[in-house]
Amino acid sequence: VPHVVTENCRDCKFTSCVRVCPVDCFSEDDRMLYIDPTHCIDCRACIQECPVHAIYPHKELPAHLRRWIAINEEMTRSGKTTPVRAAKPALPGAEERKRALGFESADPRRFYP
Ligand code: SF4
Ligand code: SF4
């Protein structure tokens, strides 16, 4: 199982993850992005780019987020999502949502080892 987008991405779409993905494996619905597990090469590049820590390698997924493996798979396979190949403006309210999630200040990279 490759990398997985989880619930913090909802209503955000900062899409900084898209900018660094070498294989274009992100796609979106109206609320968030998902990773196509058949394309992700597990390069880890996107993890540090996400300002709300929504992306995990599957092996590091906390137990309460494991259901997102199936959701990413299902959403990208079902044709309910559209590929996103270039970064674009975040959704309205994304900054507020980021603050509400506790990622208000400083460099999000401080959350990563
Ligand atoms: S940067 Fe994070 S929150 Fe924003 S679109 Fe990518 S995965 Fe979602
Ligand atoms: S781990 Fe690499 S290949 Fe997979 S989604 Fe992130 S940037 Fe793309």
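Predicted model: local features only at pLDDT ≥ 70, side-chain atom pairs only at ≥ 80, totals over all residues.

Biologist: In what order do the helices and strands of the protein run from the N terminus on?

Modeller: Let's start by counting: the protein has three helices and five strands. Reading from the N terminus on, their order is β-α-β-β-β-α-β-α.

Biologist: What radius of gyration does the protein have, and what would a compact globule have?

Modeller: The C-alpha trace spans about 35 × 30 × 25 Å along its principal axes. For 113 residues, a compact globule would have a radius of gyration near 13 Å, so the protein agrees with that expectation, at 13 Å.

Biologist: Which residues have the most contacts inside the largest nonpolar core?

Modeller: In soluble globular proteins, nonpolar side chains tend to be buried together. Here, buried residues make up 44% of the 113 residues. The largest nonpolar core has 30 residues, and those with the most contacts inside it are Val-5, Cys-17, Phe-26, Leu-33, Ile-35 and Ile-55. The elements that each supply at least two residues of this core are strand 1, helix 1, strand 3, strand 4 and helix 2.

Biologist: Leaving aside its neighbours within four places in sequence, what is Val-5 in contact with?

Modeller: Val-5 is one of the core residues with the most contacts. Beyond its neighbours within four places in sequence, its contacts are Phe-26, Met-32, Leu-33, Tyr-34, Ile-35, Ala-54, Ile-55, Trp-68 and Asn-72.

Biologist: Which residues are the closest to ligand 1, and which to ligand 2?

Modeller: Ligand 1 is surrounded by 13 residues, of which ten are nonpolar, two polar and one charged. Ligand 2 also has 13 residues around it, with ten nonpolar, one polar and two charged. The closest to ligand 1 are Cys-9, Cys-12, Phe-14, Cys-17 and Cys-50. For ligand 2, they are Cys-21, Cys-25, Cys-40, Cys-43 and Cys-46.

Biologist: Is Asp-11 buried or partly exposed?

Modeller: Asp-11 sits in the loop between strand 1 and helix 1, and its phi is positive, near 65°. Most residues other than glycine have a negative phi. The relative accessible area of Asp-11 is 28%, so this residue counts as partly exposed.

Biologist: And His-53, does it count as buried or exposed?

Modeller: His-53 lies in the loop between strand 3 and strand 4 and has a positive phi of about 50°. The cut-off for buried is under 20% relative accessible area. His-53 has 18% relative accessibility, so it counts as buried.

Definitions and conventions: Residues numbered from 1 in each chain as written. Chains lettered and ligands numbered in written order. Heavy atoms only, no water. Near = heavy atom within 4 Å. Nonpolar A, V, L, I, M, F, W, Y, C, P; charged D, E, K, R; others polar. Core = buried A, V, L, I, M, F, W, Y, C linked by side-chain atoms within 4.5 Å. Buried < 20%, exposed > 50% of the residue type's maximum accessible area, 1.4 Å probe, protein only. Helix = DSSP H or I, 4+ residues; strand = E, 2+ residues; numbered from the N terminus. Contact = heavy atoms within 4.5 Å. Rg over C-alpha atoms; globule rule 2.2 N^0.38 Å.
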